[in-house]
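Me: Please go through this model with me, one question at a time.
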Amino acid sequence: MTNNLIESNPQVLMGKPVIRGTRITVELFLEKLAAGESVEQIIESHPKLTREAISASLEFAAQGLRANVVYPDAEKVA
């Protein structure tokens with residue numbers, strides 16, 4: 001499925017994936033969720049966000065993790 005709400009442009013935030021039309025990165029959204037913020041709190045803090053954009057961010061992140069790579073154990077690497 002093509003995700004047209006997420007874009008990556010080398011001219012914007014060094015090419016980090018952002019929600020189209022904003023400078024809100026997928027990374028920032030995921031960090032806020034991981035920190036315990038609710039979707040409602042995130043939308044309140046960033047009025048340009050929509051539920052559709054949030055879903056697109058989660059889908060983008062999930063697609064990135066489907067890649068055929070082996071992730072090192074952070075504790076063993078350090």
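The model is predicted, so local features need pLDDT of at least 70 and side-chain atom pairs count only at pLDDT 80 or more, while totals for chains, interfaces and linings use all residues. Residues are numbered from 1 along each chain as its sequence is written, and side-chain values use heavy atoms, with hydrogens and water left out.

Me: Which element of the protein chain has the lowest mean pLDDT?
Reply: pLDDT is the predictor's confidence in each residue, from 0 to 100. The protein chain averages 86, and 87% of the residues score at least 70. Among the elements, strand 1 (residues 6–7) has the highest mean, 94, and the lowest, 64, belongs to helix 4 (residues 74–77).

Me: In what order do the elements of the protein chain run from the N terminus on?
Reply: Helices (H or I, at least four residues) and strands (E, at least two) are DSSP runs, numbered from the N terminus. The protein chain has four helices and two strands. From the N terminus on, their order is β-β-α-α-α-α.

Me: Are helix 1 and helix 3 roughly parallel or roughly perpendicular to each other?
Reply: Axes are lines fitted to C-alpha atoms, for helices over the stretch in contact, and angles run from 0 to 180 degrees between N-to-C directions. Helix 1 (residues 26–34) and helix 3 (residues 51–65) pack at about 95°, with their axes 10 Å apart. Angles under 35 degrees count as roughly parallel, over 145 as roughly antiparallel, 65 to 115 as roughly perpendicular and the rest as oblique. The two helices, helix 1 and helix 3, are therefore roughly perpendicular.

Me: Which residues of helix 3 make the contact with helix 1?
Reply: Contact means heavy atoms within 4.5 Å. From helix 1, the contact uses Val 26, Phe 29, Leu 30 and Leu 33. From helix 3, the residues are Ile 54, Ser 57, Leu 58, Phe 60 and Ala 61.

Me: Is Ser 57 buried or exposed?
Reply: Ser 57 is found in helix 3. Not counting residues up to four places away in sequence, Ser 57 touches Ile 6, Ile 19, Val 26 and Phe 29. With 0% relative accessibility, Ser 57 is buried.

Me: What is the relative accessible area of Met 14?
Reply: Met 14 sits in the loop between strand 1 and strand 2. This residue has a positive phi of about 55° although it is not a glycine. Met 14 is exposed, at a relative accessible area of 76%.

Me: What separates the C-alpha atoms of Arg 23 and Leu 13?
Reply: Arg 23 lies in the loop between strand 2 and helix 1, and Leu 13 in the loop between strand 1 and strand 2. Leaving aside neighbours within four places in sequence, Arg 23 is in contact with Val 12, Leu 13 and Val 18. Arg 23 and Leu 13 are 10 residues apart along the chain, and their C-alpha atoms are separated by 7.4 Å.

Definitions and conventions:
Buried < 20%, exposed > 50% of the residue type's maximum accessible area, 1.4 Å probe, protein only.
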